[in-house]
Amino acid sequence: MIILDTSEESLRKAGAALASGLLVALPTETVYGLGADAFNPLAVAKVFEAKARPSFDPLIVHIARMEDLSRVAASVPPLAERLALALWPGPLTIILPKRPEVPDIVTSGLDTVAVRFPSHPVARRIIELSGTAVAAPSANPFGYISPTKAEHVARTLGGKIDFLVDGGPCAVGVESTVIDATKEIPELLRPGGMPLERIREIVGEIAVPPRFHGSESGPMASPGQLSSHYAPRSALRLFEFSSLCDAGIFPPQGRGAALVFDGERAAKLELSGRFDAVFALSEKGEMTEAAAALFALLHNLDFLEFDWIYAEKVPDEGLGRAIKDRLFRASRK
Ligand code: TXA
Ligand code: MG
């Protein structure tokens with residue numbers, strides 16, 4: 001694997017590599033993606049192989065100009081057009097009817113395609129220079145923690161890809177919000193970097209499946225529907241903060257860490273002396289900062305080889321929905 005900087009010359013190399021069927025890991029505003037030419041089924045097959053991703057899990061196709069939407073989507077319902085015009089480029093993926101030219105391997109045989117127009121200038125420039133649309137899942141082995149820094153990609157996929165463009169840490173830190181716009185009422189398929197509140201402002205009603213109705217008091221509904229994902233090797237469990245403070249219920253044997261929302265809570269738990277280490281997602285308790293820090297903290301926690309991690313359930317608002325969803329899925333082994 002060759003590591004590239006973000007000079008124009010390097011981005012040209014990355015673009016040319018994509019056009020010739022090679023795999024390029026690239027920074028986006030959400031997480032690092034593992035890119036391949038979306039119209040080259042052999043290149044896309046290599047993405048599935050590098051990630052050990054099951055073929056039934058479709059990829060997102062990335063474009064860098066609004067005009068390119070018609071190269072991948074057969075039609076754009078009015079509501080999807082409103083979303084695209086208002087929120088692209090940005091951390092939002094829209095499911096649309098697919099054009100026959102998009103290979104089946106990209107969409108796992110579905111007649112729909114997931115499309116995203118990222119805002120990261122490096123991602124945009126590479127896609128532009130490739131002259132094609134870029135199929136890119138997150139650049140991590142299937143089921144493992146998503147990468148928000150180039151070193152995360154190098155450590156876990158280094159031997160399996162051709163180029164890695166190092167654009168520094170990702171600003172948003174959680175993957176794009178995925179909205180199915182083929183339904184009469186658009187449906188949330190994955191909470192992510194574009195807050196649901198913002199999407200509602202544009203389209204009004206959105207269907208939110210019960211599995212995302214996690215409440216402060218109970219576990220998320222139908223956990224069985226969610227496969228394990230984002231999982232560190234340590235056992236991870238989710239708790240309300242009040243339970244973390246309750247000396248009665250744990251800890252189990254071994255070395256344990258706590259992951260809480262802000263610095264004040266971290267200080268409180270540290271005083272209890274029941275955890276070997278306590279980490280805060282955001283010292284000041286800011287949701288955007290917490291989202292940006294989430295995956296890097298999970299990578300670090302994994303590196304430190306704790307036997308167990310107890311994480312706090314963050315509030316269901318703004319990016320909190322995405323953070324809670326990722327931590328919940330990380331807890332499903
Ligand atoms: O922020 C992101 O979205 C990052 C960056 C690299 O753009 N990409 C990303 O890709 O998170 P990935 O493959 O890790 O997640 C794509 C999600 C999966 O949950 C997949 O099942 C869903 O999008 N998806 C893709 N195509 C779909 C389709 N046609 N219908 C429904 N869901 C689809
Ligand atoms: Mg992923």
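In this predicted model, G256 has W308 as its bridge partner in β14. That pairing belongs to a set of four bridges that join β12 (residues 256–262) to β14 (residues 308–312), the two strands running parallel; strands count as paired if DSSP finds at least two bridges between them, and helices (H or I, at least four residues) and strands (E, at least two) are DSSP runs numbered from the N terminus.

Helix α11 (residues 287–303) packs on the sheet and touches β11, β12, β13 and β14, where contact means heavy atoms within 4.5 Å. Its direction makes about 145 degrees with that of β13; axes are lines fitted to C-alpha atoms, for helices over the stretch in contact, and angles run from 0 to 180 degrees between N-to-C directions. Helix α10 (residues 263–272) lies across β12, β13 and β14 and runs at about 150 degrees to β12.

The sheet itself is open, with four strands in the order β11-β14-β12-β13 and parallel pairing. Its edges are β11 (235–239) and β13 (277–282), each of which pairs on one side only.

Elsewhere, G21 lies in the loop between α1 (8–19) and β2 (24–26). G21 touches N40, A43 and K46, leaving aside residues up to four places away in sequence.

Residues are numbered from 1 along each chain as its sequence is written. Local features need pLDDT of at least 70, side-chain atom pairs count only at pLDDT 80 or more, and totals for chains, interfaces and linings use all residues, while side-chain values use heavy atoms, with hydrogens and water left out.

Notes. Chains are lettered from A and ligands numbered from 1 in the order in which they are written.
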